[in-house]
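Here is a short briefing on one protein model. Keep the structure open while reading.

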Amino acid sequence: MSARSKARKRAVDLIYAAELRKVPVADLLEESSVEKPLNPYTVTLVEGWSEHSEEIDSLLASFARGWSLDRMPAVDRNVLRIATFELVFSADIPDAVAIKEAVKGKATSGQPVQM
């Protein structure tokens, strides 16, 4: 697994944990970086999602058919958040890479990929 793939997985884990614990993701990011230095791309993804979370969630909600964000499985929701951040706000990441990584991230989460 590449360093960027690991960074994406860690970003999803952090956003998921913050959501589960009902704490600001910035607090969890700071706490995690004290325990062990984080990959800079993990920080970029988490901070980027945090900065644009309302817009990203609005985009996801507008395109999701038959699923509200609250109804989506938490892992799916957070993989989609990271992928959407990369697609919309990361000009240096090709769209195909962001999509491939999101599908791969979902597949490695231990849950079946549904398409």
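Helices here are DSSP runs of H or I, at least four residues long, numbered from the N terminus. By that rule, S32 is found in helix α2, residues 25-35. The model is predicted.

**Nonpolar core**
- The largest nonpolar core has 26 residues, and L14, V25, L45, V46 and I82 touch the most other members.
- Six helices each supply at least two residues of this core: α1 (3-21), α2, α3 (40-51), α4 (53-63), α5 (74-89) and α6 (95-107).
- The largest share comes from α1, with 6 residues.
- In soluble globular proteins, nonpolar side chains tend to be buried together.
- L14 is in contact with V25, L28, L29, S32, L38, T42 and V46, leaving aside neighbours within four places in sequence.

**Helix pair α1 and α5**
- The axes of α1 and α5 come within 9 Å and cross at roughly 125 degrees.
- The crossing of α1 and α5 is right-handed.
- On the α1 side, the contact involves R8, A11, V12, I15, Y16 and E19.
- On the α5 side, it involves A74, V75, R77, N78, V79, R81, I82 and E86.
- The residues of this contact divide into 8 nonpolar, 1 polar and 5 charged.
- I82 of α5 takes part in this contact, and I82 is also one of the core residues that touch the most other members.

- Is S32 buried or exposed? S32 has a relative accessible area of 6%, so it counts as buried, the limit being under 20%.
- Beyond residues up to four places away in sequence, S32 touches R10, L14 and L38.
- S5 sits in helix α1.
- S5 is buried too, at 5% relative accessibility.
- With residues up to four places away left out, S5 touches E101 and K104.
- S5 and K100 are 95 residues apart in sequence, yet their C-alpha atoms are 10 Å apart in space.

**Loop residue K22**
- K22 is found in the loop between α1 and α2.
- Phi of K22 is near 60 degrees, a positive value in a residue other than glycine.
- K22 has a relative accessible area of 75%, so it counts as exposed, the limit being over 50%.

Notes:
Residues numbered from 1 in each chain as written. Predicted model: local features only at pLDDT ≥ 70, side-chain atom pairs only at ≥ 80, totals over all residues. Heavy atoms only, no water. Buried < 20%, exposed > 50% of the residue type's maximum accessible area, 1.4 Å probe, protein only. Contact = heavy atoms within 4.5 Å. Core = buried A, V, L, I, M, F, W, Y, C linked by side-chain atoms within 4.5 Å. Axes fitted to C-alpha atoms, helices over the stretch in contact; angles between N-to-C directions. Left-handed = near helix turned anticlockwise from the far one by under 90°. Nonpolar A, V, L, I, M, F, W, Y, C, P; charged D, E, K, R; others polar.
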